[in-house]
Structure formats: structure tokens, C-alpha cells
Amino acid sequence: MRRQNGCLPPKRLPQLDPLMGTDVVLQNLGAARKFGFLDLLKSRHDTHGLTFTTNTYLRTTINTCDPVLIQNVLSFQFHDFGMGPLRRRSASPLLGRGIFTTDDEVWQHQRALIRPSFVRAQVTDFTIFGHHIDQLIALIARRNYTVDLQQLFFRMVLDSNSEYMFGESVGLMSETASESATTFHHALDYAQQGTILRLRLGNLMFAHRDKKFRDSCRTVHAYAERFVDQALEYRRAQAMLPDEKKDGNDGTRPKYVFLNELAKDTDDPILLRDQIVNMLLAARDTTAGLLSFTFFMLARRSDVWAKLRADVLQHYCEPLTYDAVMEMTYLRYVLQETLRMFPPIATNSRMANKDTVLPVGGGPDGKSPLLVAKHNVVTYSTFVMHRRKEFFGPDADEFRPERWETLRPGWEYLPFNGGPRICPGQKFALTESSYTIARLLHAFSGIENLDPTEWREQLTLSLTLNNGVQCRLTPAA
Ligand code: HEM
């Protein structure tokens, strides 16, 4: 295959231990401890080019930030790559057989199940979010306008998304948040950290024996199962009604509940539970991360804050509508720029499910075909790719939303992934984030940064800020 396709060996990261890769693993861990894993990855690519390999735990990984290679993996050669057994084994205690851990027909079925829930009418309906932002603004006032916004965004996103998905908000922002809600919130965090640890351990995953992790997964599942039972009850009740009395057929518009919609197509409680936990996790950290990084930058860039606030106020109306938010062009640029510099899914990977050939990645310049053996992993970093000067210009390391006035990137800009597994929640996330930002910039006239340090990476399944967003907001007159 190698000869037939003119494949050349890829560049390799020089390693002292080329079998187990202990030197690379230790370097990775050391950088992560100093919140600098992504910077380390970026500097490796600066030195070794767009594509190079590393060997760890007897496994070869192809590291890349080459958009052509990534497009082939995610789109043109989609069927040659999958999530693979490693990802399934590490994530299954929390995510079961949900959309994030499955491939082929099982994944296709899951994807078909959730597709109808992202129709335009649902994702552009601001009534889902409105009172959660009211609560957020009230909470900021109760804390005397001095807050860690990241902490609040995590709660707000979980509150609003759980209402959309379960039909009932977890209620973390209310003054009387129930104990089960707080326990669920912490369990979700712990279970997620354990999942990423297992993923990093790779073939040594068997060494991960943490009772608290298993208990946390059980807590999350038990919380979700309560709502699954309600959805199945709803399904049974609907089935008993004559057609003209069923929800939506009697002229009224019932409240949209994602889980009820899923339950129309399946009555498998485990499948429903896994789907909803996958969705909740997919939605919470990414959206909260995007909002946090946006305000992290706004607190440090008074020029961007002023320009953004002018844009928001120019188009603002009460109640705020989807069309008004769509008019806020600079808001769109700010979000695009934040997703470029701080993509919530900063690194990702796929495993080859057979021997296959990629058209690039081989040879000293990475431009020759590359043989990928079955079970080898391709790891790609949007964080690194989004900061490459050859794609985004000499100021690629700068936060400059204005670049989006003319920028029309292709596969070199990939915050929501691409190909058949592109994020189905993209529109939902951008709508929720735009609405939240517009409401906050309307409610507050200024933001003061209370944290003199640079950003410190916190990389679990998604990218967030280890130092949060410490700031003081000024209420608008
Ligand atoms: C700023 C916010 C978001 C970002 C940056 C983001 C990004 C991504 C990325 C990069 C993937 C690909 C993961 C992979 O294939 O390994 C993905 C998948 C997914 N996202 Fe999002 N996401 C966001 C918000 C959301 C929201 C709000 C939802 C749901 C309401 C959602 C639901 C999903 C689902 C279900 C998948 C799996 C798709 C599949 O495998 O077919 N995401 N997202």
C-alpha cells in the first residue's frame, strides 16, 4: 500500500523513549500542571511543522494541524476513521453508548434521533433563555457586581439547557437551589474529570480505580433517569389520547421538551438516558467556555467592550428578538474571534479502523501521501491550527474581531468540527451565547478586570479558564 501510493514516512518528534514515550508523557504532564499543554503543542508544531508523529504506550499518534489532512479524516475518508474503542472504554462509565462514543449504524441512529430537535423554530426561540438571564443579572447584583463570571455561566447554561432538555431547570442559580441539583452539578464535574483522566491514561486505563468517579457517574445517571421516567410517562399518556387531542394537534403549542421528543422515537430508558447525558455535557461546558472566554477578553479590552456595546445598543429592542440579535454584526465577529483563539474543543482525535492512505502528512514537508495503519490515532488541534500565521495572518496571536470583516476561512477554522459529525448544536449555542451577551451588555455599562494574570488553560473534555473571569460590572443607568 505504501509503495503503491507513494507514501513517505512522516516527521517524528525526537524521543528518548520511542516505545513507551515516557519522556513525551512526562513533558505533557509537566506542561499541563503549569496550565501550558496547548502552548507546548503549539511550540512542537512550530518546530516540526503541520504534521508529526509521537509514540506513547506502544501506540503511534499522528499529530496534525493541517486542514487538508483534517478534512480527509473528518469528511472525504469519514468511513476509514471512528471514535474507536479507546474513547468508548474511557467515556462509557459516564456517557454509556451515547452519540459521543459510538460509530457506524449505532451513531447514525443516535444522530437521526436528535436531528429534529435542532430545527430553526426551536433554536431561535429566546423564550427558552429569557428568565435564566434575568436570574443571572439578579445574581450579579446580589453579589455586589463583583463576580467570577465563568462560575455563573456554568450554572446558567446548565439551568437553561436542562429546562430545554428535561422540561425542568436544574435551578442552580435560584437562591434555594436544591441539594440534589448541587450534588448533580458536582458529580457531573467529577465524572467528567475522571473521563478525561482515563482518556489520557490510554492503554493504562485499567489503573484508574476511583470509587468517587463511579459514584459520580451513578449520581448523574440517577438524576437523568428521573426525567427519562417522566418522558416515558408522557409517551404513554400521549399514546392513550385520540389524535386530535395529542400535543401540538389541538391548536396549542406545547412547551418544547427535548427528552419528550426523543421518547417519541424510542422507549429504551438506557438509550434515552445516555443521549440526554451526552447532550447535556456537549452543551454545558462548550457554551459556558465560549461565554467565559468572551468576557475574559472583554474585561481586558475596553476598546472591544465599547464597540460591542455600541453595536448591541444600536439594535436592542424589548423584548429582545432573534432578528435584532442577527443585526449585531460586531457581536458575531467577537464570537467568531473568541472561537478562533479559544476553541472549546481544543484538541480532538479519530482512530483508523483499517489501513488507509491520507493524501498529505508524509515526507519532511508533510506534503506526500501518508500511510495510516489500523488503530493508529490522528490527533488534531484546532487551538494550534487557529493560531497559525499562514492561515490567519502575522497577527494570528492577537484578539482582533475586525479580521472577520473580510475573513472567509475553510477547513482551517473548525470550532464546531466538520463533515458528517459536525456539531448539531452549533446554531443553538451561537443563539444562546449571542442572546446572553447582548442582554448583559445592555444591563451593564462597564466591566473592570480584577485579575492581573494571563489566561491559564484548564483542559478537560473542553477548554475553560483555570483562573475564571474575575471582574466587577457596572450596572447601566
Ligand atoms: C460553543 C459551543 C459548542 C461548541 C464549540 C461545540 C463543538 C463541538 C465539536 C467540536 C464537536 C465534535 C466532537 C467530535 O466529533 O469529537 C461537537 C459535537 C457535538 N455537539 Fe457541539 N459544540 C457546542 C455546543 C453544543 C450544544 C449547545 C449542543 C446541544 C444542544 C451540542 C451538541 C453536540 C452533539 C450532540 C455532538 C456530537 C455529534 C456527533 O458525534 O454526531 N453542542 N460539538
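Tutor: What follows is a conversation about the ligand site, the sheets and a few single residues.

Student: What should I keep in mind about the numbers?

Tutor: This is a predicted model, in which local features need pLDDT of at least 70 and side-chain atom pairs count only at pLDDT 80 or more, while totals for chains, interfaces and linings use all residues. Residues are numbered from 1 along each chain as its sequence is written, and side-chain values use heavy atoms, with hydrogens and water left out.

Student: OK, which protein atom is the donor of the iron atom of the ligand?

Tutor: The only protein donor is the SG atom of Cys423, at 2.3 Å; donors are N, O and S atoms within 2.8 Å of the metal (3.2 Å for Na, K and Ca), and since water is not among the atoms, sites may look incomplete. Cysteine 423 sits in the loop between helix H17 (389-392) and helix H18 (426-443), where helices (H or I, at least four residues) and strands (E, at least two) are DSSP runs numbered from the N terminus.

Student: How many residues surround the ligand?

Tutor: There are 28, and the closest are Trp107, Arg111, Asn348, Arg350 and Cys423; a residue is near a molecule or strand if one of its heavy atoms lies within 4 Å of it.

Student: Which element gives the most?

Tutor: That is H12, with six residues.

Student: Switching to sheets, what is the order of the six strands?

Tutor: The six strands form an open sheet with mixed pairing, in the order S1-S2-S3-S9-S6-S4; two strands pair if DSSP finds at least two bridges between them. At the edges are strand S1 (11-12) and strand S4 (81-82), each of which pairs on one side only. S4 runs antiparallel to strand S6 (residues 347-352) and is joined to it by two bridges, with phenylalanine 81 having alanine 352 in S6 as its bridge partner.

Student: Which strands does H2 lie across?

Tutor: H2 lies across S1, strand S2 (51-56), strand S3 (59-64), S6 and strand S9 (377-381), and runs at about 125° to S2; axes are lines fitted to C-alpha atoms, for helices over the stretch in contact, and angles run from 0 to 180 degrees between N-to-C directions.

Student: Histidine 45, buried or exposed?

Tutor: Histidine 45, which is in helix H2 (residues 37-48), counts as buried because its relative accessibility is 1%; buried means under 20% relative accessible area, exposed over 50%, and partly exposed in between (1.4 Å probe, protein chains only). Not counting residues up to four places away in sequence, histidine 45 touches Leu50, Phe52, Asn63, Thr64, Cys65, Val384 and Arg388, contact meaning heavy atoms within 4.5 Å.

Student: And leucine 26?

Tutor: Leucine 26, found in helix H1 (residues 22-33), counts as exposed because its relative accessibility is 59%.

Student: What about S5, S13 and S10?

Tutor: Those three strands form an open antiparallel sheet in the order S5-S13-S10. Strand S5 (146-148) and strand S10 (444-449) are at the edges with a single partner strand each, so one side of each has no neighbour in the sheet. Three bridges join S5 to strand S13 (residues 470-475), and threonine 146 stands opposite arginine 472 in S13. Helix H13 (residues 302-315) packs on this sheet, where H13 touches S10 and S13 and makes about 165° with the direction of S10.
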